[in-house]
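Visitor: I have the sequence and the coordinates open. Could you take me through some of the packing, one question at a time?

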Amino acid sequence: MSTAVEAPTVWDIAVDDAPVSLSARGDLVAVAGAEGTVRVLDAAMGAETGSLELPGGSLSVQLAPDAGHLAATGPMGYALWRRTDGRTTVRESGAWSAAAAWADPERVAIASGRRALVLDTDGEELWRTDPAASTVTDLAWMRQGRRLAVAAYGAVHGHERHTPKPVVTYPYVGSHLALAVAPTGRWICSGNQDASIHIWRIRDAGDLTMSGYPEKISRLAFDDSGFWLAADGAPDITVWDFSGKGPEGTAPRSLRCHETITALAWRPGAGGQLASGGDDGTVALWYATAGRAQQRLRPARELTGDGTAVAALAWAGPHLLIAAYRNGRVRAYGVPSRAAL
Amino acid sequence: MTTTAESRDTRVPVTVLTGFLGSGKTTLLNRILTEHHGMRIAVIENEFGEVGIDDALVLDAEEEIFEMNNGCICCTVRGDLIRILGALMRRREKFDHILIETTGLADPAPVAQTFFMDDEIAAQLRLDAIVTLVDTAHVLQHLDEVKPEGVENEAVEQIAFADRVVLNKTDLADEETIGHVIRRVRAINSGVRVIPAQHARIDLQQVLDVGAFDLERVLADDPSFLTDTEHQHDATVTSVGIDLPGELDEDKLNPWLGTLLRTKGVDIFRSKGILAIAGAPKQYVFQGVHMLLDGEFGRDWRDGEERRNRLVFIGRNLDRKELERGFAACLATAGAVA
């Protein structure tokens, strides 16, 4: 039974682009649009505090952990932005930059064509990886920012600083689209074009495949505890239990609300609360780890959307959920209760 | 606002332009982009920076071929197209048409299979047609080129996959050569529409939005697909058309077609057909690329219309007799008439 209380809209703004990515860190929210418009907003009020344009469009935006800098990536290159004076460094490399990942407030990894580049906050290159087998699709840091996981066709590679060659390779024939590393440091997971999730145990690279999804897996996310992984690839969101020995031989919980999932974001904390967005404009809030394995869950709450597809979701702290819609609306919903949705 | 009883396919049509270097792809592209058709077109180029038109969005791509782990050994998709088309569809600006220009050496199969294999793309885009350009005066030497064992002759593949073949530069070839090229093209792909042209000057309606991959229109625009072509002993890539009256037993057809595509799918480049299934009031229409098959029930059989089955396979080392025999055995009345 859904509770009747509507989440209060804290702010609601429009950007002149079709949003594709959101990032929330500290007191800032960044939204990037398909045509390259990047807006930096104050999380509390939604007021614009900075902006930049990435020529050729954008694919992803990532604020640094301290919200002091921002990296935006796109089909033609990438850009860095500095909060103190708004300085923007645009690098029109001509290479496809699918993703950025901050190791810490001072270092960011940027996918650039078939390589990953690690840059300082001025955009100076610290080191770069050797080319992967295809254009890099996603990046994630492991070991507290000491090892970089790079996903591309055929494998996920682990690189350590100043070593272009991978120090570890997690092979699996297929196109790895999304990468998630458990905060426990125990698991590395990739979502695959072949409609499967591939999982490696970091300790010994023992692997397993979760197949049988009807569609490709392009979204994967671990919660803060590292015990739960949410994935798309079907109308139902699947939530796998990675505690103990991991998900081998287990069945996931299924979260039924959307026809096509377009966004997944765990609420900060270890409460097992998840926000999801759909192509039909619905935003759902879930107690995603309630019940038993193999159980099909219903949303705790659905938020009034904007009638157009949800493009991205991000939590600006535990009490503010940001939703960006395909038509350019960006809305912040208040979730006041600490324990409840 | 008008409403129609039939749901219209609102997906954006995608045309794939293939052809060897020098066949006139760039000329045709420029022609398409500069003609006043009022369409907003996006172009994905695999050959770097040849076209630059203010009005169109031009994106460069580098071919990335990905194998799929789905038990279908020949199943590959184009990773570059998946990501570029994905990003394109997230933009606010809507395109009326998308053109993909492949390199002269590109295999059309992964391009076509991408539209079968990726749901996100299939939901928003439809493969309209594969258009292959040839340089009339020089295509025979490419088609006749003997490749080492295991290496594909790309020119043959591009003809085999084509829905339209533009015979370009006919002004630079004599009548005899033109006739020879047409016969050779038809020996590979009997149903393909051949469009002679000079300087890639063609009526764009013949190549854009033709619906060649539309199940509703399968074979509809290929009246000649069964015309027996001049047999060429040296041609390993050929078409086999089958036209058989009667109704098919689904329990026989499915295993036959399934086994055929699983075992011979590597060699069967394209397949399509309109079938009469016993007990079904509607025509069954299918279309395939290698091992991938897309089928659905189409229009009703009309009163008094003869129930018959028409299908065509285009591929390498096809055994016409075996295909005919195997298919005939799927008839609900098989045995009785044989």
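Visitor: Leaving aside neighbours within four places in sequence, which residues is A:I322 in contact with?
Guide: This is a predicted model, and contacts are judged by C-beta atoms within 7 Å. Once neighbours within four places in sequence are left aside, the contacts of A:I322 are A:L22, A:A24, A:V29, A:L313, A:A314, A:A316, A:V330 and A:A332.

Visitor: How many residues are in the largest nonpolar core?
Guide: A:I322 is listed among the residues with the most contacts inside this core, along with A:V29, A:L139, A:A230 and A:L313. Its largest share, eight residues, comes from strand β15 (residues 147–160) of chain A. The size of the largest nonpolar core is 202 residues.

Visitor: Between which domains of chain B does this core lie?
Guide: Both domains of chain B give residues to the core. The core therefore lies between domain 1 (12–213) and domain 2 (237–328).

Visitor: Which strand of chain A gives the most to the side that touches chain B?
Guide: In the contact between the chains, 18 residues of chain A meet 13 residues of chain B. By class, the chain A side has seven nonpolar, six polar and five charged residues. The strand that gives the most to that side, with three residues, is β16 (residues 168–181).

Visitor: Does B:H97 count as buried or exposed?
Guide: B:H97 is part of strand β6 of chain B. Apart from neighbours within four places in sequence, its contacts are B:V12, B:P13, B:T15, B:M39, B:I41 and B:L208. The cut-off for burial is 20 or more other C-beta atoms within 10 Å. Because B:H97 has 20 C-beta neighbours inside 10 Å, it counts as buried.

Visitor: Within what arc do the buried residues of α1(B) fall?
Guide: In helix α1 (residues 25–34) of chain B, the buried residues are B:K25, B:L28, B:L29 and B:I32. They line one face of the helix, because seen down the axis of α1(B) they fall within an arc of 100°.

Visitor: What covers the buried residues of α8(B)?
Guide: The buried residues of α8(B) are B:L253, B:L257 and B:L261. They fall within an arc of 45° seen down the axis, so they line one face of the helix. The face turned away from that buried side carries the exposed residues B:D251, B:P255, B:T259 and B:T263. The cover over the buried residues includes strands of chain B, namely β11 (268–275), β12 (282–289) and β13 (292–300).

Key: Residues numbered from 1 in each chain as written. Chains lettered and ligands numbered in written order. Predicted model: local features only at pLDDT ≥ 70, side-chain atom pairs only at ≥ 80, totals over all residues. Buried ≥ 20, exposed ≤ 12 C-beta atoms within 10 Å, placed from the backbone. Helix = DSSP H or I, 4+ residues; strand = E, 2+ residues; numbered from the N terminus. Arc of directions from axis to C-beta. Contact = placed C-beta atoms within 7 Å. Nonpolar A, V, L, I, M, F, W, Y, C, P; charged D, E, K, R; others polar. Core = buried A, V, L, I, M, F, W, Y, C linked by C-beta atoms within 7 Å. Domains from an automatic or database assignment.
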